[in-house]
Amino acid sequence: MFVAFIHWIAYCYYVYLFGYASLVKVIQKKEMMEGMEMLGFNRTWTLFIGVGELLGVVALIAGFWSHQLKNAGVIYLLPFAIGALMVHFSHKDYTDFYDALFGAIAALVILYTDKYFRIVL
């Protein structure tokens, strides 16, 4: 019961994190566009990243009904979280990296606590 609770809390956070991040990039919110430009991403790359994240969020939302899509969406968005974390670190932006860090951790928690996901080595 506790594992399922942790799983769904992490999952809801993951949907919220990438849902919000993708939408503010796609609708080109001024603060996000300025922040992305400071990190070295122009308008085209910001939109490209936002649309890519939005596709992952669609898979996450569909994952409420299909665990295969949920796991695929989590794995698809994991490089976005890791990439955001690395970009913030490379620009010595040690104040705004927490969302990316928690997103990467949440992805691992979601996959580890999912009863339908296994990696066999």
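How much of the accessible surface of the protein chain belongs to carbon and sulfur atoms? The share is 73%, out of an accessible surface of about 7800 Å². The model is predicted. The protein chain holds 5 helices and 0 strands, and its order along the sequence reads α-α-α-α-α.

**Overall form**

- The radius of gyration of the protein chain is 15 Å, which agrees with the value near 14 Å that a compact globule of 121 residues would have.
- The C-alpha trace of the protein chain extends over about 40 × 25 × 25 Å along its principal axes.
- Of the 121 residues in the protein chain, 40% count as buried.
- When contacts between residues at least 6 apart in sequence are considered, 63% of them join residues at least 24 apart.

**Nonpolar surface patch**

- A nonpolar patch on the surface is formed by Phe2, Phe5, Ile6 and Ile9, which together have about 430 Å² of accessible area.
- Phenylalanine 2, one of the patch residues, lies in helix α1, which covers residues 2-26.
- Phenylalanine 2 counts as exposed because its relative accessibility is 62%, and exposed means over 50%.

**Glycine 40 and its loop**

- Glycine 40 belongs to the loop between α2 (30-38) and α3 (43-62).
- The relative accessible area of glycine 40 is 63%, so this residue is exposed.
- From glycine 40 to isoleucine 9, the separation is 31 residues in sequence and 33 Å in space, C-alpha to C-alpha; isoleucine 9 is one of the residues in the nonpolar patch.

Methods
Residues numbered from 1 in each chain as written. Predicted model: local features only at pLDDT ≥ 70, side-chain atom pairs only at ≥ 80, totals over all residues. Heavy atoms only, no water. Patch = residues over 30% accessible without salt bridge, like charges linked within 9 Å, V, L, I, M, F, W, Y side chains within 5 Å. Areas by Shrake-Rupley, 256 points an atom, 1.4 Å probe, with all protein chains shown as cover. Salt bridge = Lys/Arg side-chain N within 4 Å of Asp/Glu carboxyl O. Helix = DSSP H or I, 4+ residues; strand = E, 2+ residues; numbered from the N terminus. Buried < 20%, exposed > 50% of the residue type's maximum accessible area, 1.4 Å probe, protein only. Rg over C-alpha atoms; globule rule 2.2 N^0.38 Å. Contact = heavy atoms within 4.5 Å.
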